[in-house]
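Please look through the sequence and the model shown here, and then follow the questions and answers below.

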Amino acid sequence: MKLMFASDIHGSLPATERVLSLFAQSGAQWLIILGDVLNHGPRNALPEGYDPAQVVEKLNPYASRIIAVRGNCDSEVDQMLLHFPITAPWQQVLLEQHRLFLTHGHLFSPDNLPALAAGDVLVYGHTHIPVAEKRGEIYHFNPGSVSIPKGGYPASYGMLEGNTLSVIALNDQQVIAQVAINP
């Protein structure tokens with residue numbers, strides 16, 4: 001299974017358009033959005049091309065191919081506009097050998113892990129900082145932010161292809177971080 005991950009769009013139309021273009025080219029079966037879809041939140045500056053209404057228009061045609069979780073900036077009003085569910089605080093994707101625990105990162109995080117088994121993958125956003133590594137028996141994966149990157153990193157997204165999780169720069173497609181999840 002091939003999956004694409006995007007987090008912390010924060011209403012950026014150019015970031016949304018770039019993500020959807022890459023998704024169409026990627027051959028991924030699902031686009032997983034890790035929260036903070038439409039609003040920028042009070043701690044962030046407005047992202048480039050802030051246009052939540054147009055972000056809705058761009059994402060809704062992909063509703064049947066999106067799996068999403070709720071971020072700390074997402075609201076029930078946002079859900080009224082989006083045609084895919086965004087109100088779950090977490091979701092799970094079961095792979096043949098691994099479980100992906102999807103969350104935004106403000107409730108469950110590396111500092112507040114849910115009950116995970118050896119080999120499971122905590123997939124989260126929220127920090128806007130890319131991570132792809134194994135910590136003890138658990139894999140940690142954060143695709144960074146497609147609109148408001150932090151920590152000196154470029155805007156980025158994630159891919160799962162085969163058994164490899166990669167964080168990739170949104171604009172130049174350079175791999176920022178990568179980890180193989182072993183069976």
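A residue is called buried when its relative accessible area is under 20%, exposed when it is over 50%, and partly exposed in between, with a 1.4 Å probe and protein chains only. This is a predicted model, in which local features need pLDDT of at least 70 and side-chain atom pairs count only at pLDDT 80 or more, while totals for chains, interfaces and linings use all residues. Residues are numbered from 1 along each chain as its sequence is written, and side-chain values use heavy atoms, with hydrogens and water left out.

Q: Is Arg135, which meets Glu133 in a salt bridge, buried or partly exposed?
A: A salt bridge is counted when a side-chain nitrogen of Lys or Arg lies within 4 Å of a carboxyl oxygen of Asp or Glu, and the side chains of Glu133 and Arg135 meet at 2.4 Å, N to O. Glu133 has a relative accessibility of 31% and counts as partly exposed. Arg135 has a relative accessibility of 34%, so Arg135 counts as partly exposed.

Q: How many residues apart in sequence are the parts that Asp120 and Arg99 tie together?
A: The side chains of Asp120 and Arg99 meet in a salt bridge at 2.6 Å, N to O. Helices (H or I, at least four residues) and strands (E, at least two) are DSSP runs, numbered from the N terminus. Because Asp120 lies in the loop between β5 and β6 (121-123) whereas Arg99 belongs to strand β5, the pair ties together parts whose separation in sequence is 21 residues.

Q: Which residue forms a salt bridge with Glu161?
A: Glu161 lies in strand β9 (residues 156-161), and its partner lies in strand β1, 159 residues apart. Glu161 itself is partly exposed, at 47% relative accessibility. The closest N and O atoms of the pair are 3.6 Å apart, and the partner is Lys2.

Q: What kind of aromatic pair do Phe23 and Tyr62 form?
A: Rings of Phe, Tyr and Trp (its six-membered ring) pair if their centres lie within 6.5 Å, and planes under 30 degrees apart count as stacked, over 60 as edge-to-face and the rest as tilted. The structure holds four aromatic pairs, and in this one the centres are 6.1 Å apart with 70° between the planes, which makes the pair edge-to-face.

Q: Is Phe23 buried or exposed?
A: Phe23 lies in helix α1 (residues 13-26), whereas Tyr62 lies in the loop between α2 (52-59) and β3 (66-68). Tyr62 is partly exposed, with a relative accessible area of 25%. Phe23 has a relative accessibility of 2%, so Phe23 counts as buried.

Q: Which residues form one aromatic cluster?
A: Trp90 in strand β4 (residues 90-94) and Phe101 in strand β5 (residues 99-103) form a pair that links distant parts of the chain, and this pair is stacked, at 5.4 Å centre to centre and 20° between the planes. Trp90 is partly exposed at 37% relative accessible area, whereas Phe101 is buried at 5%. The cluster is formed by Trp90, Phe101 and Phe108.

Q: What is the phi of Asp8?
A: Most residues other than glycine have a negative phi. Asp8 lies in the loop between β1 (2-6) and α1, and at 0% relative accessibility Asp8 counts as buried. Although Asp8 is not a glycine, its phi is positive, at about 55°.
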